[in-house]
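Here are my notes for someone opening this structure for the first time. Have a look at it alongside the points below.

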Amino acid sequence: MAEFRVLGPLEVWDRNGPVRLPSGRARVLLAALLLNADRVVPVDVLVELLWDGGPPTPGRAKATLQMVVTRLRQSLAGVDVVRTAGRGYLARVEPGQLDLHVFRELVREGRFSEGLALWRGAPLADVRSDLLHRDHVAPLEEEWSAALERRVDADLAAGEAESLVGELRKLVDRYPTRERFWGQLMTALYRADRQAEALAAYGEVRALLAEEMGVDPGRRLREVHEGIVAQRDAVRVVRRGPDVVPRQLPPDVGTFTGRAADLARLDELAGRDGPVVAVVSGTAGVGKTSLAVHWAHRVAASYPDGQLFVDLRGFDERSPLGPAQVLPLLLRALGSDSPDTPEEQVARYRSLSSGRRMLVVLDNASSTEQVRPLLPAAPGCVTVVTSRDELRGLTALDDAVPTRLGVLAPGEAGDLLTRLVGTRCAVEPAALAELAGLCAYLPLALRVAAANIDHDSTIAGYVAALRTGDRLTELAIDGDRRAAVRVTFGLSYDRLDPAAQRLFRLLSLIPGEDHGPAAAAAVAGLPPAEAGRLLNRLAAAHLLERRAGRYTCHDLLRLHARERCEAEDSRAERDRAVRRLLDHFLHAADRAYRAMTADRPALPLVEPSFPPDLPAFADRRAGLAWFDEEFTGLVALVDLAVEHGLCAHAWQLPTAMWGVLVLRGNLVEWERLSRIALAAARRCADPYGEALSVNTLGSIRKFRGDLVDALEHLGEALRIRERIGHTPGVATTLDETANVLSRLGRLDEALELHDRVVALRRVHGGTGEATALNNRALTLGRSGRYAEALADCRAAIDLVTRTGDQTHVGAMRETLGRIQLRSGDHAAARETFRRVVELGEVQADRRSVVQALLGLADAHRHFGEPDHESRSLRRALEIAERLDYEEAQRIRDRLAESAER
């Protein structure tokens, strides 16, 4: 197993020893990815780091980044760590591979000396990047200091004051303004019976801070000094009343798994000055209490004055506990009686916590009012609040720091099941992975599932029951309502107001993994502002999760919402909600397509049942971006329209998606949607929709190379369009028929049809005529009539340029490049294809970019430029694979041929 080391000079080790790493930007790249291991680092962030603040030409920099990635991968050889992911890259490391992760785990376990021993010097000392060191390495040094401080605290608590004095004197010399080290030095001196030296150390740091920074020592340091002056222990202060040390934490969860980042976040908070409040929030069953208790046990030694724990019952079948009920419990735990009035109780609680280093866990809170009086004000105290609500009031007014807990990562969920179920997991790895997914990676569901698997049954058998049965019913344990997923979700739902409950239910009707605010407003028939308010309420209650302006929830919550919807909303109301949803997306898709292309024929759209709040699209890129964001949901909406018998929506929605389906090039999905559209149009007895769908199927068959079948579909479309007198449609079908005949080699027939289409479209001019000229140019080129073909190409480009419609320019210039190649003008073709690539990247026309890159590869091959040819093919393959183009395999074959030459 490979090892990666960043706590010192950058190193990679494999089974043969150290791996020789490249210098320069590749080294910076590897360092940046390892510091963010297992998280995607966007390309823009990497570009900024590699060029230390900003390259002169961002576009060129991104291309260079790809070469840097390639060089790094080559140098790492068999060490598979750098992965392409989304719009960036990530370093995929396993547990124990990265020294930074090992260090953090050891610190969390309280094994400070072992963790600190991993540091070989300044982090990434041999990586040259000012920006990387400023923004990414500097926080690591703070982690080192915090770990060292905690190790010294532990040594002090173990009675090793005398032996620490020398080390602490070196630390204050190295970090003269770090007051924590000075406080520890003073404490060590005091406990070593060197009180005069302790007081002298305080005088020294006070003078230093005044001279260097113009400030007095902080409150914590002053309290240490006051304790020494008053002949009191510098850490444990003598208090009024009996010396009671509460130890109220529930037992730790022995099978606690994962949550490394969340534990590190709590570790970081605990090292801050002043009273610290952390709010751990998350959906029902996500493991908030387990995290808080597990972390509390890990750091309990750092809070020698006690650990308090209260279940506030905020989301419980029992009545919640208010401050008036909780404060007497806390006071008794601290050895005090309880005054009569709430004000006196709060005052005494804060007086007793003053001067203490105490950890307080307030579990299962439902509101800020329930929590705020229970917060100790002493600087040595840390309070962890867990809640299904975000409790943003604590963040706003009490400086609470939020930690939002999500479901486990798939690997963590598998690890938890393995720990719970045992060795059978190794025998049934596929069933284990499916079980984790069916449990939505939710810790409560995973634990219930593990408990329900009988020792005599297989994991696969239980998985089959979950897959085919009532999943929420299966995820329960008889006789224990707290171990029933449905009951746990219901407690959150019951806390909502009626409007939020209704929206939560209706959101289950929206297909796809996530949705935007507009979809929520449409399905509920609400004004956007009201829908937004309710979405925020659901997100604050962790019944939804916000992700980059969109909303989602895991599968089990969605099942619960659907159950509630079917139980509480009538079939008529559900049908109306689905109709509103389809109306919104149909009209929005049509508007987005119109922004993408000026020659889009008007569709006879169904009238919306509710006034949709439609997005505005400034240009082609905006329309395409909307389609990219909504595409998965749009595809699912077509199936939803069929399910609800809305045949007009079922054929119009795929038609409104035509432009993006062409660009995506996924012919399987496109054909499936087109066949649904055809069946729906026939069911509606709509010849316009039928002809359009049949014509589209003909185009798809052409793309697939099934040219005879394409002619049959196009012939049927032509007959329908001529029958209903749809002249623009006739021209479109004739144009496509001519293209197919041209590819079949029936060039004279094709040219005859092309001439007819040009004449038909010339009546209206614009992009329709330009498209007809471009298609005729292709056939003229195949006929060897290059001069005429080039003239048609240039006339088509001139037409769309004058109209200002840039939609088809890329495809038309790509045609120009192909004819230039055929005619032997390879230099001109190479330049044309380069322009098409640049234009396609600007306009997000990825299909034109792929075709132009293939043409560019042909030109490079002619000029004997194998490296440039391979680079063009690799870029084309990357886009084709990302968009699932069917021609990706053809590009792979070309790459293999290129490599063999």
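1. A word on burial first: a residue is called buried under 20% relative accessible area, exposed over 50%, and partly exposed in between (1.4 Å probe, protein chains only). By that rule Gly380 is buried, with a relative accessible area of 12%.

2. Some ground rules. This is a predicted model, where local features need pLDDT of at least 70 and side-chain atom pairs count only at pLDDT 80 or more, while totals for chains, interfaces and linings use all residues. Numbering starts from 1 along each chain as its sequence is written, and side-chain values use heavy atoms, with hydrogens and water left out.

3. Back to Gly380. You'll find it in the loop between helix H15 (368-371) and strand E10 (382-387); helices (H or I, at least four residues) and strands (E, at least two) are DSSP runs, numbered from the N terminus. Not counting residues up to four places away in sequence, Gly380 touches Tyr303, Arg356, Arg357 and Met358, where contact means heavy atoms within 4.5 Å. Leu603 is 223 residues from Gly380 in sequence, and the two C-alpha atoms are 68 Å apart in space.

4. Now go to the start of the chain. Ala2 sits in the segment before strand E1 (3-5) and is buried, at 12% relative accessible area. Which residues does Ala2 contact, leaving aside its neighbours within four places in sequence? They are Trp13, Asp14, Val79 and Gln97. Glu226, by comparison, is 224 residues from Ala2 in sequence and 52 Å away, C-alpha to C-alpha.

5. Next, a helix pair. H29 (residues 620-643) and H32 (residues 667-683) pack at an angle of about 25°, their axes 11 Å apart. Axes here are lines fitted to C-alpha atoms, for helices over the stretch in contact, and angles run from 0 to 180 degrees between N-to-C directions. H29 and H32 are therefore roughly parallel to each other; the label covers angles under 35 degrees, with over 145 being roughly antiparallel, 65 to 115 roughly perpendicular and the rest oblique.

6. What makes the contact between them? H29 brings Val635, Val638, Asp639 and Val642, and H32 brings Glu669, Arg672, Leu673 and Ile676. By class, that is 5 nonpolar, no polar and 3 charged residues. For the classes, Ala, Val, Leu, Ile, Met, Phe, Trp, Tyr, Cys and Pro count as nonpolar, Asp, Glu, Lys and Arg as charged, and the others, Gly among them, as polar.

7. Stay on H32 for Glu671, which lies in that helix. Glu671 counts as buried at 9% relative accessibility. A polar contact of 3.0 Å joins its side chain to that of Arg704. (A polar contact is a pair of N or O atoms within 3.5 Å; within protein, one must be able to donate a hydrogen and the other to accept it, and residues adjacent in sequence count only if both atoms are side-chain atoms.) Beyond four places in sequence, Glu671 touches Leu697, Ile700, Arg701 and Arg704.

8. Helix H30 (residues 647-656) is worth a look too: 10 of its 10 residues are buried, so H30 is largely enclosed by the rest of the structure. Among them are His649, Trp651 and Gln652.

9. Arg313 and His542 each have a positive phi of about 60° without being a glycine. Arg313 is partly exposed at 25% relative accessible area, whereas His542 counts as buried at 11%.
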